[in-house]
Amino acid sequence: MIRIINRKKILDINKVNFKKKWMISHAQCPYLVKFPKFFRIYFSTRERKSKEGNFISYSSYADFDKKNFLIKNVSKKPIISLGSLGEFNEFGNMLGSVIKEKKKYLMYFCGWTRKKSVPFDWAIGIAKSNNGSNFNKIFRSPIVTSKKDNSFLNACPMVYKFRNKFFMYFLSGVKWIKYKNRLEPIYKIKFASSNDGFNWKILNKNIIKSKTINECQTSPSIFYYKKKYHMIFSYRKGFDYRKNSNNSYKLGYSISSNLVNWKRKDKILKFSGKLEKEIQDMQCYPNVFSIKNKFKILFCGNNFGKKGFFIADLKI
């Protein structure tokens with residue numbers, strides 16, 4: 001049994017945005033990177049919605065002290081610029097993960113494109129930085145995008161380096177379905193590998209078994225423990241998930257011995273005690289990491305992390 005205990009909200013978006021027009025709401029997809037004197041948690045945020053109901057997503061970070069996870073600093077501007085006219089990230093950058101490679105920081109992110117027949121599309125890009133604060137795209141084009149067996153909606157790239165090889169776990173679109181006059185995307189978790197972190201070979205299958213026909217899966221966070229790989233991820237039903245807590249994002253669990261074949265065991269993962277009000281309806285976008293050989297988890301709550309994110313201990 002794995003229990004999520006000692007939960008605490010460590011970032012409230014309303015207390016850190018300081019009237020930034022690009023940081024009005026949401027602190028989604030938190031991802032921690034260890035720096036020598038602090039912990040940096042990257043996250044994605046949103047500007048105010050337009051009259052048409054559209055928004056642009058930006059990537060940011062907050063620095064925390066290493067003892068009590070108190071905020072020391074927040075980025076004063078987005079850490080990566082939007083793409084130029086027609087580029088794959090013209091309408092948003094949503095950070096997935098950051099790794100340090102050869103004294104450089106590599107950021108894998110999702111770029112937003114707007115469409116006509118469907119509301120949007122996503123593709124995965126890569127950017128680099130010398131200091132982990134300001135990133136620039138390495139390529140103007142995405143590194144994972146639509147192709148023969150990967151039609152559309154590629155996002156939330158979680159990249160790891162094991163045994164000198166790169167592994168990416170990401171969501172990939174299956175179909176769009178109309179529900180109550182609204183188009184909804186259906187997506188599953190896929191896997192890709194690479195020798196250099198730039199060129200990726202995608203395994204053409206969904207690696208996590210679905211509970212329901214139109215289940216959506218995203219944000220797979222992987223850690224190694226007792227000679228096994230463990231994954232905590234987000235999943236939800238395909239429709240009526242924004243306000244219906246029965247259908248909204250929850251945290252799932254899978255285990256693997258080889259990083260490719262996974263066995264789903266959601267019942268192993270449990271929240272201890274009564275859920276706090278801000279996470280009662282939704283729990284999503286996990287990021288697992290270790291401090292002094294103890295595992296912790298970052299995650300978001302109701303309304304896709306509209307108000308901020310939490311930290312908790314994993315009792316294994």
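Reader: How does the lining of the second largest pocket divide by class, and what makes a residue count as nonpolar, polar or charged?

Author: The lining of the second largest pocket has 17 nonpolar, 3 polar and 3 charged residues. Ala, Val, Leu, Ile, Met, Phe, Trp, Tyr, Cys and Pro count as nonpolar, Asp, Glu, Lys and Arg as charged, and the others, Gly among them, as polar. The model is predicted, with pLDDT of at least 70 needed for local features and 80 or more for side-chain atom pairs, while totals for chains, interfaces and linings use all residues. Residues are numbered from 1 along each chain as its sequence is written, and side-chain values use heavy atoms, with hydrogens and water left out.

Reader: What is the volume of the largest pocket, and which element gives the most to its lining?

Author: The volume of the largest pocket is about 1100 Å³. Of its 40 lining residues, Arg-46, Phe-55, Trp-112, Arg-182 and Arg-242 are the closest to the centre. Strand β12 gives the most to this lining, with 5 residues. By class, the lining of the largest pocket comprises 20 nonpolar, 9 polar and 11 charged residues.

Reader: How many cavities of 30 Å³ or more does the rule give, and which residues line the largest?

Author: The count is 1 cavity of 30 Å³ or more. About 60 Å³ of space lies in the largest cavity, and its lining consists of Cys-29, Pro-30, Tyr-31, Leu-95, Gly-96, Cys-156, Met-158, Ser-219, Tyr-285 and Pro-286. Strand β2 contributes the most, with 3 residues. By class, this lining has 8 nonpolar, 2 polar and no charged residues.

Reader: Why is β8 called largely enclosed?

Author: Buried means under 20% relative accessible area, exposed over 50%, and partly exposed in between (1.4 Å probe, protein chains only). Of the 10 residues of β8, 9 are buried, so the strand is largely enclosed by the rest of the structure.

Reader: How do you know that β7 and β8 pair?

Author: Two strands pair if DSSP finds at least two bridges between them. Strands β7 and β8 have 10 bridges in the antiparallel sense, and therefore they meet the criterion. Gly-111 has Ala-123 in β8 as its bridge partner, and a hairpin of 5 residues joins β7 to β8. Strand β8 is also joined to β9 (residues 136-137), antiparallel, by 2 bridges, with Ala-127 standing opposite Lys-137.

Reader: With which side chain does that of Asn-89 make a polar contact, and is Asn-89 buried or exposed?

Author: The side chain of Asn-89 contacts that of Lys-137 at 2.9 Å. A polar contact is a pair of N or O atoms within 3.5 Å; within protein, one must be able to donate a hydrogen and the other to accept it, and residues adjacent in sequence count only if both atoms are side-chain atoms. Asn-89, in the loop between β5 (71-74) and β6, has 0% relative accessibility and therefore counts as buried.

Reader: Why do Lys-227 and Lys-292 count as exposed?

Author: Lys-227 has 70% relative accessibility and so counts as exposed. Lys-292 is likewise exposed, because its relative accessible area is 78%. Lys-227 lies in the loop between β14 (216-225) and β15 (228-236), and Lys-292 in the loop between β19 and β20 (294-300). Phi is positive in each, near 65° for Lys-227 and about 55° for Lys-292.

Methods: 1 Å grid on protein atoms, 1.4 Å probe; cavity = no way out; pocket = protein on both sides within 12 Å on 5 of 7 lines; lining within 4 Å. Points joined across faces, edges and corners; volume = space filled by probe spheres on them. Helix = DSSP H or I, 4+ residues; strand = E, 2+ residues; numbered from the N terminus.
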